[in-house]
Amino acid sequence: MDFSNLNKKTAKSFNDQKVLIKKVMAGRTVPCPVCKGPLVLHPPGSANPGIRCAKGCTDIALEFD
């Protein structure tokens with residue numbers, strides 16, 4: 001079985017998400033890819049640290065060490 005296509009899609013998704021996280025953490029306004037609402041950073045120390053939109057379309061959990 002050839003996994004090269006799946007590996008390429010996974011790598012692209014990971015890199016896209018990494019860029020999105022960097023932009024939000026830098027303070028830039030980034031729209032949710034689904035609802036176009038602004039993504040908000042919930043910093044460490046909050047109940048669920050991560051990046052999400054108000055509707056919950058995008059919900060990226062972050063781990064801080």
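Colleague: Is Cys-57 buried, partly exposed or exposed, and what is its relative accessible area?

Modeller: This is a predicted model, and the classes rest on relative accessible area: buried is under 20%, exposed is over 50%, and partly exposed lies in between. Cys-57 has a value of 37%, so it is partly exposed.

Colleague: How many disulfides does the protein have?

Modeller: A disulfide requires two cysteine sulfur atoms within 2.5 Å. By this rule the count is zero. Cys-32 is in no disulfide, as its nearest cysteine sulfur, that of Cys-35, lies 3.8 Å away. The sulfur of Cys-57 has its closest cysteine sulfur in Cys-35 as well, at 3.9 Å, which is too far for a bond.

Colleague: Is Cys-32 buried or exposed?

Modeller: Cys-32 has a relative accessibility of 0% and therefore counts as buried.

Colleague: Which residues does Thr-58 touch, leaving aside those up to four places away in sequence?

Modeller: A contact here means heavy atoms within 4.5 Å. With those sequence neighbours left out, Thr-58 touches Cys-32, Pro-33, Leu-39, Ile-51, Arg-52 and Cys-53. Thr-58 is located in the loop between strand 2 (50-52) and strand 3 (59-61), and it is buried, at 10% relative accessible area.

Colleague: Which residues make the nonpolar surface patch?

Modeller: Met-1, Phe-3 and Leu-6 form this patch, which covers about 410 Å². Met-1 belongs to the segment before helix 1 (4-25) and is exposed, with a relative accessible area of 89%.

Colleague: What pattern does the protein follow along the sequence?

Modeller: The order is α-β-β-β, from one helix and three strands.

Colleague: How does the radius of gyration of the protein stand beside that of a compact globule of 65 residues?

Modeller: The protein has 14 Å, whereas such a globule would have a value near 11 Å. Along the principal axes, the C-alpha atoms fill a box of roughly 45 × 30 × 20 Å. Of the 65 residues, 22% count as buried. The accessible surface comes to about 5100 Å², with 56% of it belonging to carbon and sulfur atoms.

Terms used: Residues are numbered from 1 along each chain as its sequence is written. This is a predicted model: local features need pLDDT of at least 70, side-chain atom pairs count only at pLDDT 80 or more; totals for chains, interfaces and linings use all residues. Side-chain values use heavy atoms; hydrogens and water are left out. Patches are made of residues with over 30% relative accessible area and no salt bridge: like charges are joined within 9 Å, nonpolar side chains (Val, Leu, Ile, Met, Phe, Trp, Tyr) within 5 Å. Accessible areas come from the Shrake-Rupley method with a 1.4 Å probe; for residues, only the protein chains shown count as cover. A salt bridge is a side-chain nitrogen of Lys or Arg within 4 Å of a carboxyl oxygen of Asp or Glu. Helices (H or I, at least four residues) and strands (E, at least two) are DSSP runs, numbered from the N terminus. Buried means under 20% relative accessible area, exposed over 50%, partly exposed in between (1.4 Å probe, protein chains only). The radius of gyration is taken over C-alpha atoms; the globule rule is 2.2 Å times the number of residues to the power 0.38.
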